[in-house]
Amino acid sequence: MADHRDSQVELTSAQTEKLLQFQDLTGINDLEKCRQVLDRHGWNMEAAVHDTFNENEGQPPVFEQPVARPAPPRMPMMNMSPTYQRVYTVARRRPQGWLAWGYFLLMLPFRFTYTTIRDIFMWAYRLFIPDPRRIVRDPLGDVESFIAKFQSLYGENHPVFYRGSYSQALNDAKKEIRFLVVFLHGENDDQSAEFSRTSLCAPEVIDFLGARSLFWACSVEFPEGYRVSQALRPRSFPFVSLICLREHKMTVVARLEGVVPADELIARLMHVMEENEPALAQVRADREERNFTQTLRAQQDMAYLESLRADQEKERKKQEERERKEREEQEERDKEEAVQRRKEELARLRIEKASTIPDEPEDDDPEATKIILKLPNGTRLERRFLMSHSLEDVYHFAFCHKDAPDEFQIVANFPRRVLPCQGTEEAPQVITIKEAGLGKSEVLFVQDIGD
């Protein structure tokens, strides 16, 4: 709990406000989790809200795309044997006529012996050398190799193959809510060759599959095809399965084994598709409703965020206006305090300088001179000084009067000049009245030079 309190103290007021708003929007009770989400999005409220809703809906994030290399697509959940699955099996053709039956019966022992010995040999061989088809290293390469081989054997007129792995085909069929037709070709199998040549390459089958489904195919001799055969478990080849989305799972709704004629293949696939089309229509409707809800929610969130930003902008402007007024008031107070300090300082200086003014000489003193000072407000100041007194003493005499300006200079009229009443860096010693060329009686003017 102490750590939680410490982490909350580190937040600024703006971050705390965003944290509470994010909690209200998302309904997440854990404040620490809310903070982690906002931290991950750089405290971008819009990005954090949208990605949180997308995560809840099972959608990928919009504002925070992963930088790592994407993993291969996972195979969606499968239902291999639903109760409503249709299974069609076409038995191998029996021999026709006595000659064919005789040949069949004559070769039966040899075929049985050959098959048995081959199976035993392959079983023993696999004990020491595992089947290389069990390791799928390049599923896309396997599919492309099969397509190239198929075209070399049966020509360019064939259904449009899905050029991707089985997992990708399943995911795309699920995403697009389409039927997926899977064809597994058995190498060294006459029936697979016959089915490919006579049924799959028939123009009506090509048109039907292209218009109604995705079509994925591979040979069981390739690792990718072998892996799929291990999942679908066909009993014989050629093998065709029809897969679609049912009850949130990709479901094998039909299995066809054997050489199915083109017209029968179309009829059986169409029949199963019509049986399952209502379920797909319901899935499409549910997805559209969910997408509409997400879009509506996103629009509402955007509207809320826009309103929130507008309110924040208004509050920011109000805060700036308050701060501006506070600064102006503070500047005014500072000026008043500065003026007051200046007045106090001048009062102190006047008292201090008054004590430095020399005593006024007698009227009959031969070294005395009468100085008349005219202040800016018309007041006349009159006092006697000795010729040896400094001009600074005259300046202090005027400075200590209550009507004198705070900053001024003393000017003589004939000739007009400013008397050097204060020392400078070049001449720190102020000259005397006599050195300034003033006579026994002088009228000087106090000139205000303050602001």
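**Close-up views of a predicted model**

**View 1. Pairing of strands E3 and E4.** In E4, Ala217 is the bridge partner of Phe183. The two strands, E3 and E4, run parallel and are joined by 7 bridges; two strands count as paired if DSSP finds at least two bridges between them. Helices (H or I, at least four residues) and strands (E, at least two) are DSSP runs, numbered from the N terminus. This is a predicted model, in which local features need pLDDT of at least 70 and side-chain atom pairs count only at pLDDT 80 or more, while totals for chains, interfaces and linings use all residues. Residues are numbered from 1 along each chain as its sequence is written, and side-chain values use heavy atoms, with hydrogens and water left out.

View 2. Of the 7 residues of E4, 7 are buried, so the strand is largely enclosed by the rest of the structure. Buried denotes under 20% relative accessible area, exposed over 50%, and partly exposed in between (1.4 Å probe, protein chains only). Ser213, Phe215, Ala217 and Ser219 cover one side of E4, and Leu214, Trp216 and Cys218 the other; all are buried. Across the protein, buried residues make up 36% of the 451 residues.

View 3. Val205, Ile206, Phe208 and Leu209 are buried in helix H9 (residues 203–212). Viewed down the axis of H9, the buried residues fall within an arc of 165 degrees, so they line one face of the helix; the arc is that of the directions from the helix axis to the C-beta atoms. Pro203, Asp207 and Ala211 are exposed on the other side of H9. The packing partners of the buried H9 residues are E3, helix H8 (190–200), strand E4 (213–219) and H11.

**View 4. Helix H7 and its surroundings.** The buried residues of helix H7 (residues 166–176) are Tyr166, Ser167, Ala169, Leu170 and Ala173. Down the axis of H7, these buried residues fall within an arc of 165 degrees, so they line one face of the helix. They pack against strand E1 (78–79), E3, E4, helix H10 (223–232), strand E5 (239–246) and strand E6 (249–257). Ile177, which follows H7, has a positive phi near 55 degrees.

**View 5. Tyr166 within the largest nonpolar core.** The largest nonpolar core has 56 residues, and Tyr166, Leu180, Phe183, Trp216, Leu242 and Ile243 are those with the most contacts inside it. Such a core is a set of buried Ala, Val, Leu, Ile, Met, Phe, Trp, Tyr and Cys residues joined through side-chain atoms within 4.5 Å. Its largest share, 8 residues, comes from helix H11 (residues 262–354). Leaving aside neighbours within four places in sequence, the contacts of Tyr166 (heavy atoms within 4.5 Å) include Met75, Met78, Trp216, Arg227 and Ile243. A second, separate core of 25 residues includes Leu381, Phe397, Val430 and Ala436.

**View 6. Confidence along the chain.** The protein averages a pLDDT of 85, and 85% of the residues score at least 70; pLDDT is the predictor's confidence in each residue, from 0 to 100. Among the elements, helix H1 (residues 2–9) has the lowest mean pLDDT (42) and strand E3 (residues 179–185) the highest (97). Over residues 1–9 pLDDT stays under 50, and the model has 7 contacts beyond four places in sequence for them.
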